[in-house]
Amino acid sequence: MPVRGSFFKEKVADGREMALDNPTCDACGGRMKRNGSTTSGAQRWRCRTCGASMTHRIDKAAKQLKVFLKWLMGKETLREQPCSKATFERRAERFWGLWPLPEPTGEAHDTLFVDGIYISKELVVLIACTKEHVVAWHLAESECSASWAALMLKVAPPAMVVTDGGTGFKKAVRAIWPDARVQRCLVHVKRQVVRKTTMNPKLDCGRELLSLAKRLPRTKDADAAAIWMADYAGWCSKWERFLREFTLKDGRKQYVHERLRSARHSLNALVKDGTMFTFIEMQKEFGGVWDSTNNAIEGGVNSQIRLMLLNHRGLTTLRRAKAAFWWCYLHSEFRASEAEMLKTMKTDEEVEGLFALASKKKTRGDGAPDEFGSAAPEWRELHMSGSNATGWF
């Protein structure tokens, strides 16, 4: 029966060891000699001492994975690869079966940026990152509270988290990161107002509100924030009666300026929550510069993932999700070598929940299976004390 052997090493003049192309026998440690080849072309070896036989073929999987990742992260087509299109696809089939999952390190960061990028209408990759690297990512069906909680449980609570908002995130951060400060991305706040006023409002009330919204991303210190808050309070007082105007339709009250009222309501909620100028509070308490926008993830991570998916149009939903996972993994702090990736990464069979989520139609309501196929913790389980929350890492 063939056995595995180790290659013989010989010391050269300067003391270094040089591997020779003749292995030693695992059974007795004796030298081996060439003994023809198999029908597949692999070199056959036989032990000079005990007669044990073995075959040796160089494993090129790590090199092939490196080529695959270079193609995935680049712009080259399949026909521009160093092998035929059919050969490349056959080799890549093995690598498409891997799931590059995050490895929680327990490191606490000063600031984390969180956002989601939609792979399809019912599939989103939630991402947490710093300015330097991606920290964690999670596949879900929607940006619900359970999905955000599943992402947060992979990461140590930061001092401050920058987000574009959302009811699901708000509930999850209170349960999982109760001590983390929340900064609402001011660029998204401006966009939210613009959606209501448009870029060319016809009413003076809308023009003044649009001007206030445009100033938000440029607000960088406490003095500018105080001036903005005073100007906004003045706007609310000036146009209060105007925004109360209504008509009766079918006997029911209908406000005339509903869109402007909606924009005011969203700004009032942020002012009440105290999440609009959290970064200024952090500057006062800890010094330094703290971020007020989500540009690190919106203009960096998400835009590059979208560009990668654009370069490789035609991928299935499952492969689009895995491509996003690969991008996050390759831009994380704990990236391993290609050989180590092949040894440690989970496969489709080992990650049943994620595989089913990405490859089948929507069948669940919570949208948050974890990496190992079980459902995400129910919401009542997420309302835990800070000491218990660490048990989910």
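Are Trp71 and Phe88 buried or exposed? Both are buried. The close-ups below come from a predicted model.

**View 1. Trp71 and Phe88 form an edge-to-face aromatic pair.** The ring centres lie 5.4 Å apart. The planes stand at 70 degrees, so the pair counts as edge-to-face. Trp71 belongs to helix α1 (residues 61–73) and Phe88 to helix α2, so the pair ties together parts that are 17 residues apart in sequence. Trp71 and Phe88 also belong to one aromatic cluster, together with Phe68, Phe95 and Trp96. Across the whole structure, a search finds 16 aromatic pairs.

**View 2. Helix α2 crosses helix α12.** The axes of α2 (residues 85–96) and α12 (residues 317–330) come within 12 Å and cross at roughly 75 degrees. That angle makes α2 roughly perpendicular to α12. From α2, the contact uses Glu93, Phe95 and Trp96. From α12, it uses Arg319, Lys322, Ala323 and Trp326. Four of these contact residues are nonpolar, three are charged and none is polar. Phe95 and Trp96 are members of the aromatic cluster in View 1 as well.

**View 3. Trp239 and Phe242 form an aromatic pair.** Trp239 is buried, as is Phe242. The pair is edge-to-face, with 5.3 Å from centre to centre. The angle between the planes is 70 degrees.

**View 4. The charged end of Lys253 sits over the ring of Phe246.** The distance to the ring centre is 4.8 Å.

**View 5. The charged end of Arg261 sits over the ring of Tyr255.** Here the charged end of Arg261 is 3.6 Å from the centre of the Tyr255 ring.

Notes:
Residues are numbered from 1 along each chain as its sequence is written. This is a predicted model: local features need pLDDT of at least 70, side-chain atom pairs count only at pLDDT 80 or more; totals for chains, interfaces and linings use all residues. Side-chain values use heavy atoms; hydrogens and water are left out. Axes are lines fitted to C-alpha atoms, for helices over the stretch in contact, and angles run from 0 to 180 degrees between N-to-C directions. Helices (H or I, at least four residues) and strands (E, at least two) are DSSP runs, numbered from the N terminus. Angles under 35 degrees count as roughly parallel, over 145 as roughly antiparallel, 65 to 115 as roughly perpendicular and the rest as oblique. Contact means heavy atoms within 4.5 Å. Ala, Val, Leu, Ile, Met, Phe, Trp, Tyr, Cys and Pro count as nonpolar, Asp, Glu, Lys and Arg as charged, and the others, Gly among them, as polar. Rings of Phe, Tyr and Trp (its six-membered ring) pair if their centres lie within 6.5 Å; planes under 30 degrees apart count as stacked, over 60 as edge-to-face and the rest as tilted. Buried means under 20% relative accessible area, exposed over 50%, partly exposed in between (1.4 Å probe, protein chains only). A charge sits over a ring if NZ of Lys or CZ of Arg is within 6 Å of the ring centre and within 35 degrees of the ring normal.
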